[in-house]
Amino acid sequence: MKKTILAASASIMAVALSFGTANADPAGCDDGETVIKFSHVVADSGHPKGDAAQLLAKNINEQMEGTACMEVFPNSTLYDDDKVMEAMLLGDVQLAAPSLSKFEAYTKKLRLFDLPFLFSSIEAANAYMASEDARDLLASLEDEGYVGLGYIASGLKQFSANKPLIKPEDASGLKFRVQTSDVAVAMIEALNASAQKLAFKEVYGALQTGVVDGQENSWCNIYTQKFFEVQDGITQTNHQLLAYGVITSQEFLDSLDDETRTQFLTILTDTLKQANQQVADKEAECRQSILDANSTIRELSPEQREPWVTVMKPVWQEFEGDIGADVIEKAASYSATN
Ligand code: SIN
């Protein structure tokens, strides 16, 4: 009888890695079951993606027992986001959900999601990501051998630094860690600051040692990675979306028989829908936990926030050619109605 393991522990990771094969079986999958490894970089729980991965593993392991078995590898314990894409094409991992900022080497269409101030709320972002238009954008990964299965929302991003940030000029001359996204670089440079692309697992150390002065991320990443411990405070800018593209390889999907593939995809779609409904509450909890840890959150009045919009939003024009003006306009329209 298979044990349902929702999140692999660090010791299990060590065993899996020491075996070093695609068939290493730390979660106790039964012989004959298709093993679906889901590798991601965030906390295993208390985070929209970590919780979504756990829920998916639970649903797959309960409903597909005897056919398929999912193992979740959180916290970059198996792969970084830059390595996971290669590992997927090699068949070493079957499911991943990198931040949409990290697909730049594969498609320029998903740059849409990095445009600053595109979505006014997580509800607006969720409504767009549930649309046919957003699903079509994932198809741009197909030429590279990936299949985009859906989106996981995470939250809107906030800035933090080693000094208070109230006006955009306060960021001038600082160095900010960004994801591997040229849109993020352009946005930071619009602040007259400099950007350094760094892997997620390196951010805390870089902030602590002064390699960078600041960062931008969702409440749950700031809380679960403890970035607030090594920053002066967090400024509530809500300036950019953090969301994930859930991907697999075409080769993996083709390896499943029709019935198994349909069941897997149905469970996945239902689970993502359920998980995305809980994102706003989780982000609010993470924000509160940061306050409970005695960190400073600086809220901006509409008048204080407006100059940030004025300075950063013009980067849209730079990337319009990659994304398409019509695509941008459609996505932005969700903020008017949600
Ligand atoms: C993630 O949320 O998956 C990581 C985002 C980052 O690299 O900042």
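The legends below describe close-up views of a predicted model and its ligand.

Residues are numbered from 1 along each chain as its sequence is written, and side-chain values use heavy atoms, without hydrogens or water. In this predicted model local features need pLDDT of at least 70 and side-chain atom pairs count only at pLDDT 80 or more, while totals for chains, interfaces and linings use all residues.

**View 1. Residues around the ligand.** The ligand is surrounded by Val41, Val42, Lys49, Lys102, Arg177, Gln179, Phe200, Asn217, Asn221, Leu242 and Tyr244, where near means a heavy atom within 4 Å.

**View 2. Polar atoms facing the ligand.** For lysine 102 a polar side-chain atom lies 2.7 Å from a ligand oxygen. For asparagine 221 the distance from a side-chain N or O atom is 2.9 Å, and for glutamine 179 it is 3.5 Å. Taken alone the ligand exposes 260 Å², and the protein buries 100% of that (Shrake-Rupley method, 1.4 Å probe).

View 3. The protein is divided into domain 1 (29–154 + 243–278) and domain 2 (158–240 + 285–337), with bounds from an automatic or database domain assignment. Their C-alpha centres lie 24 Å apart. The contact (heavy atoms within 4.5 Å) takes 34 residues from domain 1 and 38 residues from domain 2. Each domain supplies at least three residues to the shell around the ligand.

Conventions:
Polar contact = N/O pair within 3.5 Å; in protein donor to acceptor, adjacent residues only side chain to side chain.
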